Amino acid sequence: MNARTTRALAATLSLTAALAISGCSSESGGATSDSAKPTLTVSGAFMPEPVDDKMAGAFMVVTNDSKTPDKLTGLTSPLSDDLQIHETKDQKMRQVSSLDVPANGRLSLERGGSHVMFMGLKSKPKVGDKVKVELKFEKADPITIELDVKDRTYTGQSSSAH
């Protein structure tokens, strides 16, 4: 009788442990789905033809079609080893470490406002060229785009559309 009680107790403990483990893995699976990555797209990306090989600006719209906010945290490009995120406030431009991409909203990088700067260009792109850029975000996967190099006076469609 003592051996039977011991076996029953061991079976009960094993079943309890198995249920606890399966409950934990189910919980962590749920947490992963709650923190889904934002769905981001980039449109209207362009670079005005640079005046020289020292610097260039880039402009675009990053749209977030999800309920999760994100941040643009960095960029890379074969054109320059020094890409910077800038914002303009009170007519003063300053480098920042990130820019918000609001949930169900957009981040507009445009002339006179927030934008991207390429410092120390490795070459000077001409009108009609394409410049490859990878955008990096806090939560979303990186997005690789091609900037269309436009005439220096081009303002982009995003600034006249809204």
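**Figure 1. His 86 stands opposite Gln 95 in strand E5.** This close-up comes from a predicted model, as do the other views here. The strands around this pair are E4, which covers residues 82-89, and E5, which covers residues 92-96. E4 and E5 run antiparallel to each other and pair over 5 bridges. Together they make a hairpin with 2 residues between the strands. Look for Asp 90 in that turn: its phi angle is positive, at about 55°. As you trace a strand, keep in mind that side chains in a regular strand alternate between the two faces of the sheet.

**Figure 2. Arg 94 and Glu 87 form a salt bridge.** Which distance separates the closest N and O atoms of Arg 94 and Glu 87? They are 2.5 Å apart. Is Glu 87 buried or exposed? Glu 87 counts as buried because its relative accessibility is 10%, and the cut-off for buried is under 20%. Arg 94, with a relative accessible area of 47%, is partly exposed.

**Figure 3. Asp 100 and Lys 71 meet through their side chains in a salt bridge.** The N to O distance here is 2.7 Å. This pair links distant parts of the chain, since Asp 100 sits in strand E6 (residues 99-101) and Lys 71 in strand E3 (residues 70-76), 29 residues apart. Asp 100 is partly exposed at 48% relative accessibility. Lys 71 is partly exposed as well, with a relative accessible area of 27%.

**Figure 4. Lys 122 forms a salt bridge with Asp 81.** The closest N and O atoms of Lys 122 and Asp 81 are 3.0 Å apart. Side chains of opposite charge can pair when their charged atoms come close.

**Figure 5. The whole protein has 2 helices and 10 strands.** Along the sequence, the pattern reads α-β-β-β-β-β-β-β-β-β-β-α. The structure holds 6 salt bridges, including the one between Arg 94 and Glu 87. Of the 162 residues, 33% are buried. Among contacts with a separation of 6 or more, 71% come from residues 24 or more positions apart. The accessible surface is about 10000 Å², and carbon and sulfur atoms account for 53% of that area.

How values were computed. Residues are numbered from 1 along each chain as its sequence is written. This is a predicted model: local features need pLDDT of at least 70, side-chain atom pairs count only at pLDDT 80 or more; totals for chains, interfaces and linings use all residues. Side-chain values use heavy atoms; hydrogens and water are left out. A salt bridge is a side-chain nitrogen of Lys or Arg within 4 Å of a carboxyl oxygen of Asp or Glu. Helices (H or I, at least four residues) and strands (E, at least two) are DSSP runs, numbered from the N terminus. Buried means under 20% relative accessible area, exposed over 50%, partly exposed in between (1.4 Å probe, protein chains only). Two strands pair if DSSP finds at least two bridges between them. Contact means heavy atoms within 4.5 Å. Accessible areas come from the Shrake-Rupley method with a 1.4 Å probe; for residues, only the protein chains shown count as cover.
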